[in-house]
Amino acid sequence: MPRPREFDERQVLERARNQFWATGYAGTRMDDIARATGLGKGSLYGAFGDKGKLFHRVFDDWCTAVVEVAEEQLAGGPDAEALARLSRYVHLMAENTASDTEHRGCLLAKGAAELSQHDATIADRSAETMTALLTLFRTEISAAQRHGDIDGAADPEQLAALLLTVVRGIEAVGKAGLPPETVRNIANTALAVLPRPA
């Protein structure tokens, strides 16, 4: 009969995530994870598999959280409030980046940049996450168009792609060290260029 685990899995995954987040996948050894979590390498391998499998688990959890945050802000509702929901989410992402004084950036962006070319699991999960975000943006843009807050002749797919690129790009330039006010201004400008009805 297997022995029950004597650790908090969620806490271990959080500490592993923070280690990967700080040092990247290639720069993290299982010894580092063991030190960060307080578990022996044998326990880590037994519970989560090798470093790649552990990172897949952490990365998947992170991507789920990214979409959940977006869904909380862009969950639909009255068409009259769609533009406000879009604005609130874009500003939230800018503020999160502006307040990231350690310039760690987003684990989704870091993991995808480092691994997606060689790791199909990471590439597929990244694409799935971006597609979910794109769908949320498109839905809200279409709602704002129905209400007359965004030009109905504009292509909601293209506008959604623009906002997605801005939000993800804000994280990249914030990580590179642009001042917080610049990051906030990028968000303001992106929302200001959404085409309004004549």
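Glu95 forms a salt bridge with Arg184, with 2.8 Å between the closest N and O atoms. Because Glu95 lies in helix α5 and Arg184 in helix α9 (residues 180-192), the pair ties together parts that are 89 residues apart in sequence. Glu95 is partly exposed, at 36% relative accessibility, and Arg184 is partly exposed as well, at 27%. The model described here is predicted.

A search of the whole structure finds 14 salt bridges. Among them is the one between Arg57 and Glu9. Arg57 belongs to helix α4 (residues 51-73) and Glu9 to helix α1 (residues 9-23), 48 residues apart. Another joins the side chains of Asp79 and Arg146. Here Asp79 sits in the loop between α4 and α5 (82-98), while Arg146 is in helix α7, 67 residues away. Asp79 is partly exposed, at 24% relative accessibility, whereas Arg146 is exposed, at 58%.

| Salt bridge | N to O distance |
|---|---|
| Glu95 and Arg184 | 2.8 Å |
| Arg57 and Glu9 | 2.7 Å |
| Asp79 and Arg146 | 2.9 Å |

The helix pair is α6 (residues 107-115) and α7 (residues 120-147), whose axes come within 9 Å and cross at roughly 140 degrees. That angle makes α6 oblique to α7. The crossing of the two helices is left-handed. On the α6 side, Leu108, Gly111, Ala112 and Leu115 take part in the contact, meeting Ile122, Ser126, Thr129 and Met130 of α7. Of the residues in this contact, 5 are nonpolar, 3 are polar and none is charged.

Methods: Residues numbered from 1 in each chain as written. Predicted model: local features only at pLDDT ≥ 70, side-chain atom pairs only at ≥ 80, totals over all residues. Heavy atoms only, no water. Axes fitted to C-alpha atoms, helices over the stretch in contact; angles between N-to-C directions. Helix = DSSP H or I, 4+ residues; strand = E, 2+ residues; numbered from the N terminus. Parallel < 35°, antiparallel > 145°, perpendicular 65-115°, else oblique. Left-handed = near helix turned anticlockwise from the far one by under 90°. Contact = heavy atoms within 4.5 Å. Nonpolar A, V, L, I, M, F, W, Y, C, P; charged D, E, K, R; others polar. Salt bridge = Lys/Arg side-chain N within 4 Å of Asp/Glu carboxyl O. Buried < 20%, exposed > 50% of the residue type's maximum accessible area, 1.4 Å probe, protein only.
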